[in-house]
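Dear colleague,

Please find below the structure that I am handing over to you. My notes on what was found in it follow directly after.

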Amino acid sequence: MLDKFKSLLERLSKNSPFYQEKFAQCGVDIDKVRTMEDIKHLPFTTKEELRDAYPLGLQAVSDEDVVRIHSSSGTTGKPVIIPYTAKDVDMWAEMMCRCMRTAGITKKDRVQITPGYGLWTAGIGFQAGVERLGAMAVPMGPGNTEKQLQMMMDLKSTVLIGTSSYGLVIAEEVSKRGLRDKIHLRKGIFGSERWGEKMRRRIELELGIETYDIYGLTEIYGPGIAIDCHFHEGMHYWDDHLYFEIIDPDTGEVLPEGEFGELVITTLTKEGAPLLRYRTRDLTRLIPGRCSCGSPHKRLDRIIGRTDDMVKVKGVNIYPGQIDGLLRSIDGVSSEYQVLISHVDGKDVMTLRIEMDGQRHRSSVERMVADHFKKHIGLSVNVEAVRLGALPRSEKKTKRIFDYRDVS
Ligand code: ZN
């Protein structure tokens, strides 16, 4: 690991104008890096910097070594362009192939790929992994549910790959049209969105499949850098090519294994556009210990949200995804909630509004939720239970956190 890391730093300082400038600005001396832990003294790389490097400012090899580019969607501002060498493309296919194997997919499977092809990394990444494994790829691309279902039946697809929301569309159509006996799916790989446990169960139930969570981002190859195994105790990530850290998004300090924070990724072997300490803005944690499957690869927990969603109360970082998880584990309350934060007499006060199903006493439910919150998130909160259905719901992302501290 350290050898790969040292060679990355050498490549960056020799071949990458982007990092040459950054190292000079931050006064980085790569000869001072002696252990893997020394990484904490090196600067982060942010999405804004990648945007500013548009179009090819990140390239760290000569032009003749670049065989392909991909680009992030760029919903705001300029997109990020990532150049790949032949070895990067090969390595990505290898990682994706490992993902397929980890999900129990074999050469005998027929894999229907519904993410988009093109500048976006998803479709082509899955395709390469499926071909590397030796299974049969059915490269559908997105949309046209009618045709998807027809091909799924005619070709007897056994694996469905897509976004979880598209998985749900397929599941609902299959159920509505009574096609359950005509399809042969046995597994699904879904990723790229934070998806609730309920949605996952529904897809599994309607389609009769086992589902796997896959993780990745265009800046770091694309999808396929982590996936959960049959035990579903977190996603294994390919730690021989990638170094993961979890930091406090507020202070940048590296957090111990097991604590939630922002995922930061360093690419150890990438050539075209290697990245040092890239801040993903994804909130998760590294899971300590070995998985029940015995794999030597370390694990990442499910993504619980984005750093933009985080709030800090009395010095404790709170993420909406943590509250989702907490409420799921408590009987008699729904998944809906609101958080109100105010500043009273020089102190932060947090109120958590939840919905209860009316079977129990309000005060006992409130006390139980407050105890759980204190125990698992480490903060004392006021809990207000309201009747089921009283909190607002909407199809789009519901605003759940109301921070009144800056309003005066
Ligand atoms: Zn495992």
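Leaving aside its neighbours within four places in sequence, with which residues is Gln148 in contact? The model is a predicted one, in which local features need pLDDT of at least 70 and side-chain atom pairs count only at pLDDT 80 or more, while totals for chains, interfaces and linings use all residues. Residues are numbered from 1 along each chain as its sequence is written, and side-chain values use heavy atoms, with hydrogens and water left out.

To answer the opening question, Gln148 is in contact (heavy atoms within 4.5 Å) with Gln112, Thr114, Met140, Gly141, Pro142, Gly143, Tyr166 and Ile170, its neighbours within four places in sequence being left aside. Gln148 belongs to helix H6, residues 145–154; helices (H or I, at least four residues) and strands (E, at least two) are DSSP runs numbered from the N terminus. With a relative accessibility of 0%, Gln148 counts as buried. Here buried means under 20% relative accessible area, exposed over 50%, and partly exposed in between, with a 1.4 Å probe and protein chains only.

Zinc site

The zinc ion has as its protein donors Cys229 (SG), His236 (NE2), Cys291 (SG) and Cys293 (SG), which lie 2.1 to 2.3 Å from the ion. Donors are N, O and S atoms within 2.8 Å of the metal (3.2 Å for Na, K and Ca); water is not among the atoms, so sites may look incomplete. The angles among the 4 donor atoms are 100 to 115 degrees, and the site is tetrahedral (four donors with all angles between 85 and 135 degrees). Along the chain, the donors follow the spacing C-x6-H-x54-C-x1-C. Cys229, in the loop between S8 and strand S9 (235–237), and Cys291, in the loop between strand S13 (286–287) and strand S14 (299–300), link distant parts of the chain, 62 residues apart. Cys229 and Cys291 are both buried.

Salt bridges

There are 30 salt bridges in the structure, each a side-chain nitrogen of Lys or Arg within 4 Å of a carboxyl oxygen of Asp or Glu. One of them joins the side chains of Arg186 and Asp109 at 2.7 Å, N to O. Arg186 lies in the loop between helix H7 (164–176) and strand S6 (187–191), and Asp109 in the loop between helix H4 (86–102) and strand S3 (110–113), so this pair ties together parts that are 77 residues apart in sequence. Arg186 is partly exposed at 35% relative accessibility, whereas Asp109 is buried at 3%.

Arg200 forms a salt bridge with Glu204 (4.0 Å, N to O). Arg200 and Glu204 are 4 residues apart in helix H8 (residues 197–207), which separates them by about one helical turn. Arg200 also meets Asp228 in a salt bridge of 3.1 Å, N to O. That pair links distant parts of the chain, 28 residues apart, with Arg200 in helix H8 and Asp228 in strand S8 (residues 222–228). Arg200 is buried at a relative accessible area of 2%, and Asp228 is buried at 4%. Through shared partners, salt bridges join Arg200, Arg201, Glu204, Asp213, Asp228 and Arg302 into one network.

Helix packing

H4 packs against helix H5 (residues 122–133) at an angle of about 70 degrees, with the axes 7 Å apart. The axes are lines fitted to C-alpha atoms, for helices over the stretch in contact, and angles run from 0 to 180 degrees between N-to-C directions. H4 is therefore roughly perpendicular to H5 (65 to 115 degrees). Among the residues that meet are Trp92, Met96 and Met100 in H4, and Ile124, Phe126 and Leu133 in H5.

With kind regards

Technical notes:
Tetrahedral: all angles 85-135°; square planar, octahedral: opposite > 155°, others 65-115°. Parallel < 35°, antiparallel > 145°, perpendicular 65-115°, else oblique.
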